[in-house]
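My notes follow in the order I made them.

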Amino acid sequence: MIVPSSACPASCRYCFGPHDGCGVMSIDVVKDIIDWQRDRPGRLEVSFHGGEPLTAGVDFFQEAIPLLEKGLSHRDVKFSIQSNLWLLTEELCHTFRDHHVSIGTSLDGPENITDAQRGIGYFRRTMKGIEMARRNGLDVGCICTFTPRSLPLLDEVFRFFMEQGLSYTIHACMP
């Protein structure tokens, strides 16, 4: 897992991370990762995570991903990103498509459920990112977090994902 930035513009109720005041990972750290992994054999899965990894900006990804590909070209390297997609741009979509980066996001079901757990407006901003990714030929999978508040709405949540054609993984956040 590579965390380009631990900053995040969202304010999910159950999040444990910082939200602002965090810088962007130096490309020198990416080079150190390459040095660390260079002599290891086998497949490598690189997941860009955060915070919100897209706060690192397009320049970071346009430099980091090709460096990782070139520096680890002898290995079977797969890339993914876990993002709320609020900062997704056409340029990032092209970069992710060109480098076969799998995209994951977080939605807890339809708007009323997601916004209750992640903050007003989260759903619409994330759906806008999903729509942009799809327009650019990218598939998006979702992590769905169930809490005591959303568990009774299980059928509504599953129906939402089916209607939207979104794959999902379940995460439970229960006391």
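**Entry 1, ground rules.** I am working with a predicted model, in which local features need pLDDT of at least 70 and side-chain atom pairs count only at pLDDT 80 or more, while totals for chains, interfaces and linings use all residues. Residues are numbered from 1 along each chain as its sequence is written, and side-chain values use heavy atoms, with hydrogens and water left out.

I looked up T114 and found it in helix 4, residues 111–118. Helices (H or I, at least four residues) and strands (E, at least two) are DSSP runs, numbered from the N terminus. Is T114 buried or exposed? T114 counts as buried because its relative accessibility is 0%; buried means under 20% relative accessible area, exposed over 50%, and partly exposed in between, with a 1.4 Å probe and protein chains only. Leaving out residues up to four places away in sequence, I list L107, D108, G109, G119, Y122 and F123 as touching T114, where contact means heavy atoms within 4.5 Å. For D108, I noted that its backbone nitrogen is 3.0 Å from a polar atom of the T114 side chain.

I checked the span of helix 5, residues 122–135. Its 14 residues should span 20 Å at 1.5 Å a residue, and the end C-alpha atoms are 20 Å apart, so the two agree. The expected span is 1.5 Å times one less than the number of residues. Which residues of helix 5 are buried? They are Y122, F123, T126, M127, G129, I130, M132 and A133. What covers them includes helix 3 (90–98), strand 3 (101–106), helix 4, strand 4 (140–146) and helix 6 (154–164). After helix 5 comes G137, with a positive phi near 75°.

I found helix 1 (residues 27–37) packed on helix 2 (residues 58–71) at about 15°, with the axes 10 Å apart. Axes are lines fitted to C-alpha atoms, for helices over the stretch in contact, and angles run from 0 to 180 degrees between N-to-C directions. That angle makes helix 1 roughly parallel to helix 2, a term for angles under 35 degrees. I27, V30, K31, I33 and I34 of helix 1 meet F60, E63, A64, L67, L68 and G71 of helix 2.

I read a crossing of roughly 15° here, with the axes of helix 2 and helix 3 coming within 10 Å. Helix 2 and helix 3 are therefore roughly parallel. V58, F61, Q62 and I65 of helix 2 make the contact with E91, L92, T95 and F96 of helix 3.

Key. A polar contact is a pair of N or O atoms within 3.5 Å; within protein, one must be able to donate a hydrogen and the other to accept it, and residues adjacent in sequence count only if both atoms are side-chain atoms. Angles under 35 degrees count as roughly parallel, over 145 as roughly antiparallel, 65 to 115 as roughly perpendicular and the rest as oblique.
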